[in-house]
Amino acid sequence: MEQVCFELENLEMTYLDKEILKIERLAVHQFDRIGIVGKNGAGKSTLLKLLANNIQPTRGTVKRHVESGYFKQLEAPTVEEADGALLGRLAVPKNSEELSGGEQTRLKLAQLFTHYYEALLIDEPTTHLDQEGISFLLDELRYYYGALVLISHDRVVLDALVTTIWEVRDGEVHVYSGNYSDYQVQKQVEREQQSQAHEQFVKEKNRLKKSAQEKMKKAKKITQAGNMSKREANATPNKSLMTKSKGTSQKSVHRAAKAIEQRIEHLKEVEAVQEESQIVFRQSKTVELYNKFPIMADQLTLQVKENVLLNKTSFQLPLGKKIAITGANGVGKSTLLHHISNNGAGLTISPKTKIGYFRQMSYRFTSDETVLEFVKSHSEYDEGFLRSVLHAMQFVDTDIQKNVQSLSGGEMIRLQLCQLFLGEYNILLLDEPTNFLDVPAIEALEQFIAGYEGTIILVSHDQAFIKNVADIKYSIIEKKLTRE
């Protein structure tokens with residue numbers, strides 16, 4: 001029998017009187033491989049922190065029966081020692097004071113895998129990692145002998161590593177067997193079942209309403225029949241018996257109608273499945289481009305200080321395409337996007353080009369506006385369309401009334417992406433746009449890209465994202481930008 005590593009019982013977690021998590025019982029066993037998914041703010045990291053003993057529940061207990069390793073999201077590496085061979089494999093520079101985001105993640109992974117733990121709790125390990133770093137992570141965890149609990153927005157990683165999905169939704173944890181693709185299939189089945197149940201609910205409600213209306217009509221007819229004139233009543237034999245019979249019949253019909261109305265009230269309501277309509281970002285004639293290759297380079301050399309990133313490389317980026325640029329950390333992908341945004345030396349860019357540029361964690365909102373007011377002031381689209389775009393990117397209910405200065409980091413990223421797609425641009429540059437987004441937001445971004453009529457050049461290490469959105473792929477290899 002497999003050993004129990006963690007047990008959560010009668011657990012409640014609240015923050016400022018808001019219930020974050022409520023779990024009756026949940027357990028992690030010796031060889032479980034669990035992926036935690038859910039929207040930003042749903043409580044995924046809170047659940048992992050509870051397992052790691054980083055925080056304590058408001059009520060209930062968390063029992064820990066093993067020592068666990070914990071990879072924390074967005075925290076700088078500690079001074080903890082790491083195995084030299086792992087540092088070498090991950091190409092972590094010896095000077096740890098000036099590490100890039102990707103290098104910091106690599107150092108943290110080296111520290112995590114230096115020691116053996118009976119359980120690993122890992123929160124978003126692929127942020128800033130290039131494909132080589134992701135491959136290392138997959139190799140280490142595929143053959144890991146112990147319990148694995150993993151939060152990740154990388155669907156390829158989840159498919160490769162986990163056999164159970166915990167979805168955190170409305171404060172509860174819903175358990176699905178299989179990897180992320182299996183979970184998606186099960187969610188689709190749930191949506192179809194909900195849709196069928198909703199149709200049945202509406203059908204039964206309408207049937208009962210019609211039946212109640214017919215009963216009330218019958219009662220009305222009995223009442224009308226009872227309101228005969230005195231002459232008619234005197235001419236009717238056994239008039240007292242008839243009056244009594246009609247009164248009894250009328251009450252009976254009223255009771256039947258009332259019973260049907262009560263049945264309607266007690267019907268278990270099933271909500272309709274919310275179907276997302278296709279969002280299309282139309283381009284106005286004023287920013288329409290006609291040049292088949294709005295961005296070109298001829299023998300471009302790009303360097304930062306003494307470091308040559310691109311050496312005499314040439315390319316033509318075609319109009320209207322979704323173009324992905326990949327490559328290892330540090331080869332110059334972000335530097336190239338920045339160079340394009342500045343119309344740098346060695347480039348030929350169409351004079352009518354209007355570029356929108358998403359840089360990682362580059363933006364802070366300073367205006368005193370609500371979310372809805374902000375997108376209204378930066379877009380020509382009507383309010384209904386703006387609300388649809390915001391809703392797709394998880395700004396729901398009162399979220400659109402939040403002041404932009406009070407938004408969390410994740411909300412700022414999502415609003416910045418909305419602003420770019422709604423703006424008067426014809427070329428978008430997106431530098432690692434999926435970092436810090438949850439899977440539903442990434443899927444919304446994929447929908448945005450599919451509905452965008454302009455040209456998009458994006459940098460990403462998320463293979464599922466690239467597969468879903470890119471028409472063309474380029475790689476920076478040996479200081480050249482090469483089409484795959």
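Trainee: Where is the place of K479?

Mentor: Helices (H or I, at least four residues) and strands (E, at least two) are DSSP runs, numbered from the N terminus. In those terms, K479 sits in the loop between β17 (472–477) and β18 (480–483). K479 has a positive phi of about 65°, although it is not a glycine. Before going on, note that this is a predicted model, in which local features need pLDDT of at least 70 and side-chain atom pairs count only at pLDDT 80 or more, whereas totals for chains, interfaces and linings use all residues. Residues are numbered from 1 along each chain as its sequence is written, and side-chain values use heavy atoms, with hydrogens and water left out.

Trainee: Is K479 buried, exposed or partly exposed?

Mentor: Buried means under 20% relative accessible area, exposed means over 50%, and partly exposed is in between, with a 1.4 Å probe and protein chains only. K479 is partly exposed, because its relative accessible area is 41%. A91 also has a positive phi, of about 55°, although it is not a glycine, and A91 is placed in the loop between α2 and α3.

Trainee: How many residues of α3 are buried, and what covers them?

Mentor: Of the 14 residues of α3, 10 are buried, so this helix is largely enclosed by the rest of the structure. The buried residues include R106 and K108, and also L107, L109 and F113. Contact means heavy atoms within 4.5 Å, and what covers the buried residues of α3 includes β5 (68–71), α2 (84–89), β6 and α4 (131–142).

Trainee: Which span should the 14 residues of α3 have, at 1.5 Å a residue?

Mentor: The expected span of a helix is 1.5 Å times one less than its number of residues. For α3 that gives 20 Å, and the end C-alpha atoms are 20 Å apart, which agrees. The same check can be made for helix α13 (residues 439–450), whose 12 residues should span 16 Å and whose end C-alpha atoms are 16 Å apart, which agrees. Helix α13 is mostly covered, with nine of its 12 residues buried, among them I442, L445, E446 and F448.

Trainee: How many salt bridges does the structure hold?

Mentor: A salt bridge is a side-chain nitrogen of Lys or Arg within 4 Å of a carboxyl oxygen of Asp or Glu. The structure holds 16 salt bridges. In one of them the side chains of R59 and E12 meet, at 3.0 Å from N to O. R59 lies in strand β4 (residues 59–64) and E12 in strand β1 (residues 4–15), so the pair ties together parts that are 47 residues apart in sequence. R59 counts as partly exposed, at 47% relative accessibility.

Trainee: With which residue does K402 form a salt bridge whose closest N and O atoms are 2.6 Å apart?

Mentor: That partner is E411, which lies in helix α12 (residues 409–422). E411 counts as buried because its relative accessibility is 11%, whereas K402 is partly exposed, with a relative accessible area of 29%. Leaving aside neighbours within four places in sequence, E411 is in contact with F395 and K402. The side chain of K402 also meets that of D399 in a salt bridge, at 3.7 Å from N to O, and D399 is buried, with a relative accessible area of 16%. Elsewhere, salt bridges that share partners join E7, E9, R25 and K63 into one network.

Trainee: Which residues make the nonpolar surface patch of about 360 Å²?

Mentor: Patches are made of residues with over 30% relative accessible area and no salt bridge, where like charges are joined within 9 Å and nonpolar side chains (Val, Leu, Ile, Met, Phe, Trp, Tyr) within 5 Å. Accessible areas come from the Shrake-Rupley method with a 1.4 Å probe, and for residues only the protein chains shown count as cover. Here the patch is made by F31, Y116 and Y145. Y116 is in the loop between α3 (101–114) and β6 (119–123), and Y116 is exposed, with a relative accessible area of 52%.
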